[in-house]
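Subject: Structure for your review

Dear colleague,

Please find the structure below for your records. My notes on it follow directly after.

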Amino acid sequence: MATAESDSRLIERVGHGDRDAFDQLYRRFARPVLAMAVRQLGDNGRAEDAAQETFAAVWRSARSYRSERGSASAWLYAVARHAIIDRARQKREQPAEIPDEASDSAGPAERAEESWLAWRVHSALEQMPERERVVIELAYWSGLSQTEIASYLDVPLGTVKTRTRTGLTRLAGLLDEVQE
Amino acid sequence: MTDFRDLVGDDLGPDELAELERVDRLLRSVPAPPPEVPASLDRAVDRIGTERRLWTRRRLVVAVALAATLAALFFGVGRWTGGSGIDYRSSVPLRATSSAQGATGQIRIADRDPSTGNQGLELTVTGLPKLSGGDYYVLWLAKDGKYAGTCGTFNVGAGTTTVDMTVSYRLSDYDAWVISQPKDGAPWLLSART
């Protein structure tokens, strides 16, 4: 069975100008980067610009990545964070997280922690098989019941339940070290 | 949101249950990811590494505004002084490929400036579709069936669009002019010679 190449290896390949590795990295991290940019900039157009800047920075600076200094995900998170802050500064304002329900009174440290947590979860979702990811996202963020998801996807209810459970188990492995 | 027990059923062992509950709490604690990555971002990122300069939408807007201002300025000055002062020595017709049926184009070529080696061009195109989402056309010089040198980018409006460009290549080193769109790289207009 083919094994997905690690993020670290992909970044190292990008550092050598490997366009295919860059495309794989983009497909893996485009949504987490965009999600963070939208949350912090609160504007889809500027978020898209920040995401573009992020991947341009990845292309330019992948050579500087050292796996022994930290995880690939953390490196990418830092690159994205810088691009988003730069974009926010261009408007001469600080990036402001759009607070979700749990972070109404959170301070900067808590907000940073929440941002990092969301990044980890969103990144893990991108590593899942499409059929499981879709079911998980619908189950947690669409407001649809399992029966409604089955109808929406035009698959049996049992399939939705199986994919949900398999997907959660897979996420448990991908988020092995992450605590809420 | 559906209850955790409804999602996973009630036949899990205690260890597995604890693991899935942990993931459930993580998922409930983070906001939803965006529904999908917009195609405009895909296209923009697709160009990374293929251009020397990164053209963000904002930079593109600024560049287009600057180009429009300069064009208006020079057009005005040209009218005021009675003409552009450029003598075009030759003209090359551009014919449409299947990507741009009905479009036409022409490149007028000025004499090479002996002091700098630069050569002025006037590109005129008609019937090319107006692009959206930050896309643009590219004028290339081609050799042996391959894109060999970029001469500039442009967008079009309704009807006929005329763009002034300058190149520093020796035109006799190339076989043809080609207009393409970075999105798919396919030729839209091309010439039989330079």
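A:Asp154 counts as exposed, because there are 6 C-beta neighbours inside 10 Å. This residue belongs to the loop between α7 (146-153) and α8 of chain A. Although A:Asp154 is not a glycine, its phi is positive, at about 60°. Please bear in mind throughout that the model is a predicted one.

A:Ser71 sits in the loop between α3 and α4. A:Ser71 has 14 C-beta neighbours inside 10 Å and therefore counts as partly exposed. Along the chain, A:Ser71 and A:Asp7 are 64 residues apart, yet 8.5 Å separates their C-alpha atoms.

Regarding the overall make-up of chain A, there are 8 helices and 0 strands. Read from the N terminus, the order of elements is accordingly α-α-α-α-α-α-α-α. Chain A has 180 residues, of which 39% count as buried. Among the contacts in chain A with a separation of 6 or more, 63% are made by residues 24 or more positions apart.

One helix of chain A was examined individually. Helix α4 of chain A (residues 72-90) contains 19 residues, and the distance from its first C-alpha to its last is 27 Å, close to the 27 Å expected at 1.5 Å a residue. Its buried residues include A:Trp75, A:Leu76, A:Tyr77 and A:Ile84. Two arginines, A:Arg81 and A:Arg87, are buried in α4(A) as well.

In soluble globular proteins, nonpolar side chains tend to be buried together. The largest nonpolar core here comprises 57 residues, and A:Ala37 and A:Ala51 have the most contacts inside it. Helix α2 of chain A (residues 19-41) supplies the largest share of this core, namely 12 residues.

The contact between the two chains involves 41 residues from chain A and 33 residues from chain B. On the side of chain A that touches chain B, the elements giving two or more residues are α2, α3 (44-61), α5 (108-126), α6 (130-141) and α8 (157-174). By class, that side of chain A has 23 nonpolar, 8 polar and 10 charged residues.

Finally, a helix of chain B deserves a note. Helix α2 of chain B (residues 14-29) has 16 residues, which at 1.5 Å a residue should span 22 Å; the end C-alpha atoms are 22 Å apart, in agreement with that value. Which residues of α2(B) are buried? They are B:Leu20, B:Val23, B:Asp24, B:Leu26 and B:Leu27. Viewed down the helix axis, these buried residues fall within an arc of 160°, so they line one face of α2(B). The face turned away from the buried side carries the exposed residues B:Pro14, B:Asp15, B:Ala18 and B:Arg25.

With kind regards

Notes:
Residues numbered from 1 in each chain as written. Chains lettered and ligands numbered in written order. Predicted model: local features only at pLDDT ≥ 70, side-chain atom pairs only at ≥ 80, totals over all residues. Helix = DSSP H or I, 4+ residues; strand = E, 2+ residues; numbered from the N terminus. Expected span 1.5 Å × (residues − 1). Buried ≥ 20, exposed ≤ 12 C-beta atoms within 10 Å, placed from the backbone. Arc of directions from axis to C-beta. Core = buried A, V, L, I, M, F, W, Y, C linked by C-beta atoms within 7 Å. Contact = placed C-beta atoms within 7 Å. Nonpolar A, V, L, I, M, F, W, Y, C, P; charged D, E, K, R; others polar.
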